[in-house]
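Please examine the sequence and the three-dimensional structure shown below before reading the report.

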Amino acid sequence: MYKLLKVKDVVRIPPKMFTMDPKEAAKIVLRETYEGIYDRDEGVILSIIDVDEISQGIIVPGDGATYHEVIFDVLVWKPEVHEVVEGEVVEMMPYGAFIRIGPMDGLVHISQLMDDYVVFDEKNRQFIGKETKRILKLGDYVRARIIGVSVKSKVIRENKINMTMRQPGLGKFEWIEKEKRKAKEA
């Protein structure tokens, strides 16, 4: 889920940025500090949108920089358990498919791909349903539901998102449309 937040913090502006507008200097420092970080409470910090307020600033003896209290707007994305998301299949492994959802990739384990016995075709890098003959390959667009989020660090790649596509209305978009047509005909 995407959210806009208003955050208050103290920013250190180095002497080389003193000739700049203080708000612009603060925005540059904030972007270098926060963007791309995973915050356990708020999610992935995607962008520092704007600096709303900046204080006069103080100088700490022994440090040539100035320290300013700032209030700024942040765009974040946080994966929520039970959230339905859409994304593209970006990687295939024998144990499951990785789906790009927003700034992170989530894993749909082979057992959660569809209600069918699924095999991985190593040569063609695709999953095939034994009875339904459904095929999932790189570049396919799918709808999935988040069933687990494991946050281990501030580094985005070290956190894990687990998803399922085994419920009605989930899966590859072609499968969903076929199910809708089948339901209308019945």
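## Basis of the report

The structure is a predicted model.

## The largest pocket

The largest pocket holds about 290 Å³ of space. Its lining is made up of 17 residues, and those closest to the centre of the pocket are Arg134, Gln167, Pro168, Leu170 and Glu179.

Sorted by class, the lining of the largest pocket comprises eight nonpolar, six charged and three polar residues.

## Proline 79

Proline 79 has a relative accessibility of 4%, and because buried means under 20%, proline 79 counts as buried.

When neighbours within four places in sequence are left aside, proline 79 is in contact with Tyr38, Ile146, Val149 and Ile161. Isoleucine 45 is 34 residues away from proline 79 in sequence, and their C-alpha atoms are 12 Å apart in space.

## Aspartate 140

Aspartate 140 is also found in a loop, between strand 11 (135-137) and strand 12 (141-150). The relative accessible area of aspartate 140 is 8%, so this residue is buried, given the limit of under 20%.

Aside from neighbours within four places in sequence, the residues in contact with aspartate 140 are Gly87, Glu88, Val89, Ile135 and Lys172. With lysine 172, the contact includes a polar one between the two side chains, at 3.2 Å.

Terms used: Residues numbered from 1 in each chain as written. Predicted model: local features only at pLDDT ≥ 70, side-chain atom pairs only at ≥ 80, totals over all residues. Heavy atoms only, no water. 1 Å grid on protein atoms, 1.4 Å probe; cavity = no way out; pocket = protein on both sides within 12 Å on 5 of 7 lines; lining within 4 Å. Points joined across faces, edges and corners; volume = space filled by probe spheres on them. Nonpolar A, V, L, I, M, F, W, Y, C, P; charged D, E, K, R; others polar. Buried < 20%, exposed > 50% of the residue type's maximum accessible area, 1.4 Å probe, protein only. Contact = heavy atoms within 4.5 Å. Helix = DSSP H or I, 4+ residues; strand = E, 2+ residues; numbered from the N terminus. Polar contact = N/O pair within 3.5 Å; in protein donor to acceptor, adjacent residues only side chain to side chain.
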